Amino acid sequence: MATFRLQGSKVLAVDMTGDTVNAKNGSMVAYDGRMTFKKLSGGGEGLRGMVTRRLTGEQMTVMEVKGEGTCWFADRASEISVVRLTGDTLYVESSNLLCTDGGLRTGTTFTGLRGASQGNGLFTTTVEGTGQAAIMSDGPAVVLRVTPQYPLSVDPGAYIAHQGSLRQDFQSGVTFRTFLGEGGGEAFQIRFEGDGLVYVQPSERNTVGGDV
């Protein structure tokens, strides 16, 4: 299995000994040894994945990297975090997914109304199996724990990903800025309940749901 390691906070180094990883197309910045690069369709899920992603609006262009040596990945100087999966599922916005082990399965799933607040449709990308994935954020990502006793509310513009046994509820009419009297129009937040982890970034994407 390929080894993921960070060099600084904005470059991912992947050591491979004949392994395969799937990375965001165009994110390779350097490599040594012998590597091959192949663009994949449908986010690496083939023709069916391509059709599904076009229908759901959850777009992702992926390349397969295989070889022996080290390959370095980065994208627009984004901060990078490595997530370890042990048979569970990572739910991540496609724009925030940088690289996954070749043995991990990717797909799309319905997430309810949360996706509508970001203009990305009602779906998000899933990564399943055992291995490592690298996700990106605008600024250093913060990992927040959710327990049955302590649910979590998140601004959808700051949300990156989550994993674990979590339920999410999309709520309208309130946001953190509302409490400060700075809201403008209808606003939204995501409430997570259960047991798991939520990844957020210290920056907010523009959303179509209002001033969040």
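Good morning. I begin with threonine 126, which sits in strand β8, residues 123-137; strands here are DSSP runs of E of at least two residues, numbered from the N terminus. The model is a predicted one, in which local features need pLDDT of at least 70, side-chain atom pairs count only at pLDDT 80 or more, and totals for chains, interfaces and linings use all residues. Residues are numbered from 1 along each chain as its sequence is written, and side-chain values use heavy atoms, with hydrogens and water left out.

Is threonine 126 buried or exposed? Threonine 126 counts as buried because its relative accessibility is 6%; buried means under 20% relative accessible area, exposed over 50%, and partly exposed in between, with a 1.4 Å probe and protein chains only. Leaving aside neighbours within four places in sequence, threonine 126 is in contact with residues including Thr89, Leu90 and Tyr91, where contact means heavy atoms within 4.5 Å.

Let me turn to strand pairing. Strand β5, residues 79-92, runs antiparallel to β8, and 13 bridges join them; two strands pair if DSSP finds at least two bridges between them. Glutamate 79 stands opposite serine 137 in β8. Strand β5 also pairs with β11 in the antiparallel sense, over 3 bridges. There, tyrosine 91 has histidine 162 in β11 as its bridge partner.

Next, the aromatic rings. How many aromatic pairs does a search of the whole structure find? The search finds 2; rings of Phe, Tyr and Trp (its six-membered ring) pair if their centres lie within 6.5 Å, and planes under 30 degrees apart count as stacked, over 60 as edge-to-face and the rest as tilted. Tyrosine 159 and phenylalanine 192 form a stacked pair, at 5.9 Å centre to centre with 20 degrees between the planes. This pair links distant parts of the chain, with tyrosine 159 in strand β11 (residues 159-172) and phenylalanine 192 in strand β12 (residues 188-200), 33 residues apart. Both tyrosine 159 and phenylalanine 192 are buried.

Finally, I come to the loop between β4 (62-73) and β5, where arginine 76 is found. Most residues other than glycine have a negative phi. Arginine 76, however, has a positive phi near 50 degrees. Arginine 76 is exposed, because its relative accessible area is 69%. Alanine 77 lies in the loop between β4 and β5, and its phi is also positive, at about 60 degrees, although it is not a glycine.

Thank you for your attention.

Notes:
Helix = DSSP H or I, 4+ residues; strand = E, 2+ residues; numbered from the N terminus.
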